[in-house]
Amino acid sequence: MNSKIIVKNLVKKFGDREVLKNISFDVKEKEIFVLMGGSGSGKSTTIKHIIGLLKPTKGEIIIDGIDITKLPEKELIEFRKKMGYLFQEGALFDSLKVWENVGFYFLENTDMPVKEIYKLAQEKLSLVGLKGIEELYPSELSGGMRKRVSLARAISTNPEIILYDEPTSGLDPVTSAMIDNLIVNLRNSLGVTSIVVTHDLDSAFGIGDRIAMIHKGKIYAIGTPEEIRKNPDPIVQQFINRKAEGPITEELFKELKSEKLQK
Ligand SMILES: Nc1ncnc2c1ncn2[C@@H]1O[C@H](COP(=O)(O)OP(=O)(O)OP(=O)(O)O)[C@@H](O)[C@H]1O
């Protein structure tokens, strides 16, 4: 199958700190690719490069054969239409009604008649299982509904790629399962290519065609859920088995100790 997204030798430094250390992976067309790892491992930073919100210190991000890191800002904005991004916090505008949030791109950037934007918003909302809430405000919705409204907005431009940043964080298990189903349905019905950033293990193993495990800015393993389960790397094993003891915690303690000594 063709690669839709290729991340090649991606390095990102913030000041002197190297946060991404030579990351490489590819995502096939229509694949659900999960990026899994602990807090601060570099997951969000990686997907922010893929959507062009961050520029790499080194490396390439090739989408449909085009290295987006080399695109001038104007072309990048145009290119971004291919992509939907579900922000970690949902990032809905509280002062706008649900339909205005979903149709935001069209209200802001096009001359499309408002009636049509409303219809489009209704259509997208029904795709995520929400009908009749067009006139409500985000504050009137539950966390799970807000996530689904954000998802409706992310698919409003019919993107070929959707990047999900922690789509199930803060949601109860049933609502999380519903969001997982939606991610799979969007792939099945619209042929979307997806990258899902998560530390929700059930979700990662439930929906991922392949999973990449990232730790301290490096990829430790990439494979099918079955391959990841069998991966002998102690860091991978500690993470997927939720063990309190192991190399991840040992490193953490070492870092804390050296920080204390420096003070
Ligand atoms: N704009 C920035 N400036 C400086 N450091 C940053 C910036 N963005 C991220 N970092 C650092 O880069 C590291 C990776 O952050 P990132 O948000 O990618 O982690 P993550 O794996 O998504 O974590 P989480 O699961 O907690 O969201 C962290 O140590 C973070 O402090």
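Biologist: Lys82, is that buried or exposed, or something in between?
Modeller: Lys82 counts as partly exposed, at 23% relative accessibility, where buried means under 20% relative accessible area, exposed over 50%, and partly exposed in between, with a 1.4 Å probe and protein chains only. Keep in mind that this is a predicted model, in which local features need pLDDT of at least 70 and side-chain atom pairs count only at pLDDT 80 or more, while totals for chains, interfaces and linings use all residues. Residues are numbered from 1 along each chain as its sequence is written, and side-chain values use heavy atoms, with hydrogens and water left out.

Biologist: Which side chain does Lys82 meet in a salt bridge?
Modeller: Lys82 meets Glu160, at 3.8 Å from N to O, a salt bridge being a side-chain nitrogen of Lys or Arg within 4 Å of a carboxyl oxygen of Asp or Glu. Glu160 is in the loop between H6 and S7, and Lys82 in the loop between helix H2 (73-79) and strand S6 (83-86), so the pair ties together parts 78 residues apart in sequence; helices (H or I, at least four residues) and strands (E, at least two) are DSSP runs, numbered from the N terminus.

Biologist: And what network is Glu160 linked in?
Modeller: Salt bridges link Glu160 in a network with Lys4, Asp64 and Lys82. Lys4 pairs with Glu160, their closest N and O atoms being 2.6 Å apart. Lys4 is buried at 7% relative accessible area, whereas Glu160 is partly exposed at 34%.

Biologist: Changing topic, what does Glu31 pair with?
Modeller: Glu31 forms a salt bridge with Arg210, with 2.6 Å between the closest N and O atoms, and both residues are buried.

Biologist: How many salt bridges in the whole structure?
Modeller: The search finds 13.
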